[in-house]
Amino acid sequence: MALYALRRLLGMILVMLTVSLLVFALVEATPGTVAMRVLGPYASEEQRQLWLAANGYLEPAWSRYLHWLGRFATGDFGASIRYRAPVADVLWPRLGNTAVLALWTLVVLVPVSLVLGVLAGVREGSPLDRLLSTAAIITTSIPEFASAVLLSAIFVFKLQLLPGTSAMTDGFDWRQLVLPVAVLVLYDVGYVARMTRISVAEVIAAPYVRAARLRGLSWPRVIIFHALRNALITPITVLAVQVNWLLSGVIVVEVFFAYKGFGSLLWEAALNQDIFVIQACAMVAVVVTVATQVAADLAHAALDPRLRAPAPADR
Amino acid sequence: MGPLPQRLRSPSVAIGGALVAFWIIIAVAAPAVAPFPPNATLQPFALPGAEFAGGQRFWLGTDQIGRDIASRLIWGARTVLLWAPIATLAAYAAGIPLGLLAGSRGGAIDAAVMFATNVLLSFPVLVLYILIIGTIGASPLNLVIAVVFAGAPGIVRLVRALAARERTRDYVAAAYTRGEGVLGVMVLEILPNIAPTLIADACLRLGYVIVTLGVLGFLGLGLPPPDPDWGGMINEARPVALAFPHIAVAPCLALVSLVLGCNLLADGLRDDRR
């Protein structure tokens with residue numbers, strides 16, 4: 001297990017280093033453009049050269065990358081062009097807001113999708129199962145921006161029950177979280193429930209479950225104490241992969257509802273060419289995605305010993 | 001998995017096929033079915049069904065600068081049904097050879113290809129799109145490039161897994177024994193055998209790409225205005241969406257119906273439900 005964990009962690013670091021190289025190259029490949037972005041279109045050529053020299057941009061690219069990486073690792077992401085403040089000061093509060101949004105989304109998403117998936121998987125082919133499969137196809141076909149528009153049209157315009165923006169300018173207000181959370185849950189719930197259902201149905205059909213049943217244990221007891229332990233391993237991994245999609249969805253939802261989170265920050269930065277903010281947001285997003293992925297893999301391996309062995313080359 | 005002709009008769013395929021066919025017909029026949037020119041400014045904020053001079057109606061209303069929404073949806077179908085399939089095919093054109101190579105050869109090539117997919121897949125998809133489009137700018141060609149980078153890794157992994165499974169089958173060994181080369185085995189033996197799975201997967205991915213074009217348009221990073229594009233229409237409607245929801249709802253429903261069509265087609269063609 002320790003060896004497996006070490007291998008996964010090393011792989012993770014290698015991937016993140018490559019990602020950092022890509023992000024650096026994409027944004028800072030040409031120092032001239034960087035100077036143009038930072039100083040604005042009206043700066044003279046001489047001013048740009050002075051800025052480049054003062055900020056170490058005349059050094060070779062590899063040395064700039066190493067410096068950049070060193071500063072990045074210690075939490076110094078440079079200064080935002082638009083906010084005229086260190087990126088870190090802008091980014092951390094925004095990330096906190098996004099964490100609140102993501103937390104509430106998971107609080108709703110996880111129990112609802114697992115319960116639906118288990119209920120459907122326990123009785124394959126039942127009306128509930130079919131209903132769930134159909135509903136899952138429909139909800140996963142409605143991207144976040146579409147459900148945001150549709151839910152706003154119903155609950156904000158027609159029924160006037162909920163606020164249409166979630167900027168939280170007057171402090172925390174749970175009513176402003178309802179629609180963003182609903183949109184994110186709606187898009188993901190079908191997929192996670194479906195994956196849970198497949199996993200549960202597979203385990204229910206396993207010989208050991210039948211054996212437990214034949215020993216005279218009651219059906220609820222078999223399901224809760226024997227089947228679910230194994231059946232819920234897959235959904236854990238699925239949920240971790242979902243973090244990747246959740247982060248994409250968060251961008252759309254935050255932009256739509258004007259929620260002051262990390263996603264809307266990245267979007268504003270992209271529209272305003274606030275390059276150091278773009279860099280920092282992209283790196284943070286990748287770190288979160290990869291770290292949850294590795295954590296889920298490790299949890300998965302801890303629960304299922306078969307996964308710890310290196311995969312056979314031919315299968 | 002049932003034989004293909006049988007799967008083609010499933011209700012998912014019928015409904016999904018009908019939805020997709022509807023939009024294809026609309027897109028092809030756009031000049032004939034659109035009641036107004038898509039960019040003509042006629043009468044702002046008309047509600048659905050409102051009458052226009054000359055007895056014509058705005059069936060879905062008009063937007064804030066007075067363009068007929070129905071006509072823009074109809075012409076917008078052309079944009080999405082042109083660029084989404086092109087982008088999807090481009091992603092497959094990049095993903096299939098790499099996946100076949102990695103899956104049927106293994107070794108160092110496999111490791112290198114898999115590492116590259118790992119790197120690209122560690123980005124949240126939309127972050128990758130924003131990075132690429134934010135750097136190289138929004139144009140139809142750049143959207144295709146972005147879809148290739150974001151979409152190909154998943155295709156590579158799928159093709160690789162399928163090819164690795166096929167590689168140990170007897171018919172592949174037989175082909176090598178007959179004297180077929182590596183390339184011949186990949187293209188003539190393995191590819192036809194994994195094609196049905198890939199076709200179902202392509203429908204699903206086409207749906208994703210349609211959503212992606214919509215999301216990018218919605219974020220203002222899609223195809224440049226004024227020509228209609230569904231995501232862009234939603235983006236333009238956003239400032240007035242809370243007062244005039246019909247302007248944003250119509251393109252949403254159009255997009256959802258097309259994506260649902262693709263997903264139902266994929267579901268019916270794959271049909272791995274046990």
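In this predicted model, chain A and chain B bury about 4,000 Å² between them, and carbon and sulfur atoms give 76% of that area. Three residues stand out on one side: L26(A), S141(A) and F145(A) together supply 14% of the area that chain A buries against chain B, more than any other three residues. In terms of residues, the contact draws 49 from chain A and 43 from chain B.

Turning to polar interactions, nine residue pairs are in polar contact between chain A and chain B, with both partners at pLDDT 80 or more. One salt bridge is counted between the two chains. R194(A) and D267(B) form a salt bridge in which the closest N and O atoms are 3.0 Å apart. On the side of chain A that touches chain B, two or more residues come from each of α1 (2–28), α6 (127–140), α7 (144–158), α8 (175–204), α11 (233–257), α12 (262–272) and α13 (275–303) of chain A. Sorted by class, this side of chain A comprises 35 nonpolar, nine polar and five charged residues.

A look inside chain B brings us to R72(B), a residue of helix α4 (residues 69–105). With a relative accessibility of 1%, R72(B) falls under the 20% cut-off and therefore counts as buried. Leaving aside residues up to four places away in sequence, R72(B) touches P38(B), N39(B), D63(B), R67(B), P226(B), D227(B), P228(B), M233(B) and E236(B). Among these neighbours is P38(B), whose backbone oxygen lies 3.0 Å from a polar atom of the R72(B) side chain.

Notes. Residues are numbered from 1 along each chain as its sequence is written. Chains are lettered from A and ligands numbered from 1 in the order in which they are written. This is a predicted model: local features need pLDDT of at least 70, side-chain atom pairs count only at pLDDT 80 or more; totals for chains, interfaces and linings use all residues. Side-chain values use heavy atoms; hydrogens and water are left out. Contact means heavy atoms within 4.5 Å. Buried area is the accessible area (1.4 Å probe) that two parts lose on being put together, summed over both. A salt bridge is a side-chain nitrogen of Lys or Arg within 4 Å of a carboxyl oxygen of Asp or Glu. A polar contact is a pair of N or O atoms within 3.5 Å; within protein, one must be able to donate a hydrogen and the other to accept it, and residues adjacent in sequence count only if both atoms are side-chain atoms. Helices (H or I, at least four residues) and strands (E, at least two) are DSSP runs, numbered from the N terminus. Ala, Val, Leu, Ile, Met, Phe, Trp, Tyr, Cys and Pro count as nonpolar, Asp, Glu, Lys and Arg as charged, and the others, Gly among them, as polar. Buried means under 20% relative accessible area, exposed over 50%, partly exposed in between (1.4 Å probe, protein chains only).
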